[in-house]
Amino acid sequence: MKIIPAIDIKGGKCVRLTQGEFNRVEVYTEDPLKYALRWKQEGAERLHIVDLDGARVGMPQNTEAVRQIVRRTGLPVQLGGGIRNAEIVERMLRIGVDRVILGTSVAQSDVLARGVLMQYGEKVVIGIDARDGFVAVSGWQERLDESAIAFAKRMVEYGAKRIVFTDIAQD
């Protein structure tokens, strides 16, 4: 297990949502790069970034902030939030993101899951967000009928090497 500092971005700001509720936002700073540089100074070896706007709408929305964090920190970055197809995976890798996190899209499409895991291998991290033990998708707004354990096992069968797990009730 590795502990990786996280930066959640909403509206271009570094924020924290309480249990994934978009109306319960605490802003930490107007500049996510500030926190990224702080984590680097404190010894972080990698950053975990979530584009909350992207998670909600299904396409990354804070790409420029992510690009600046990648460039200015020099740290490997794993990014989640709105990465829902292979084209977006490729685009995020081209801007310098080291790993992409897919959750909603692979939970809803076995074809996509198999395809991105085969094509990008260890560059893909499977994001499992769980509410009451079941997979939550679309920025935690919907719950599927599949348990988080069953989903994890299925993704490992498809070739997943990395999984990041969030228990929404504890977030």
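Helix α4 passes helix α6 in a right-handed crossing, where a crossing is right-handed if the near helix is turned clockwise from the far one by less than a right angle, and left-handed if anticlockwise. Helices (H or I, at least four residues) and strands (E, at least two) are DSSP runs, numbered from the N terminus. The model is predicted, with local features requiring pLDDT of at least 70 and side-chain atom pairs counted only at pLDDT 80 or more, whereas totals for chains, interfaces and linings use all residues. Residues are numbered from 1 along each chain as its sequence is written, and side-chain values use heavy atoms, with hydrogens and water left out.

Two packed helices are described by the angle between their axes and the distance between the axes. Axes are lines fitted to C-alpha atoms, for helices over the stretch in contact, and angles run from 0 to 180 degrees between N-to-C directions. Helix α4 (residues 86–94) and helix α6 (residues 110–120) pack at an angle of about 30 degrees, and their axes lie 10 Å apart. On the α4 side the contact (heavy atoms within 4.5 Å) involves Ala 86, Val 89, Glu 90 and Leu 93, and on the α6 side Leu 112, Val 116 and Tyr 120. By class, this contact comprises 6 nonpolar residues, no polar residues and 1 charged residue. Ala, Val, Leu, Ile, Met, Phe, Trp, Tyr, Cys and Pro count as nonpolar, Asp, Glu, Lys and Arg as charged, and the others, Gly among them, as polar.

Pro 32, Leu 33, Ala 36, Leu 37 and Lys 40 of α1 meet Gln 68, Ile 69, Arg 72 and Thr 73 of α3. The residues of this contact divide into 5 nonpolar, 2 polar and 2 charged.

Two strand residues were also examined. Glu 146 belongs to strand β9 (residues 142–147), and its side chain is joined to that of Arg 154 by a polar contact of 2.6 Å. A polar contact is a pair of N or O atoms within 3.5 Å; within protein, one must be able to donate a hydrogen and the other to accept it, and residues adjacent in sequence count only if both atoms are side-chain atoms. Phe 22 lies in strand β3 (residues 21–29) and, at 10% relative accessibility, counts as buried (under 20% relative accessible area, with exposed over 50% and partly exposed in between; 1.4 Å probe, protein chains only).
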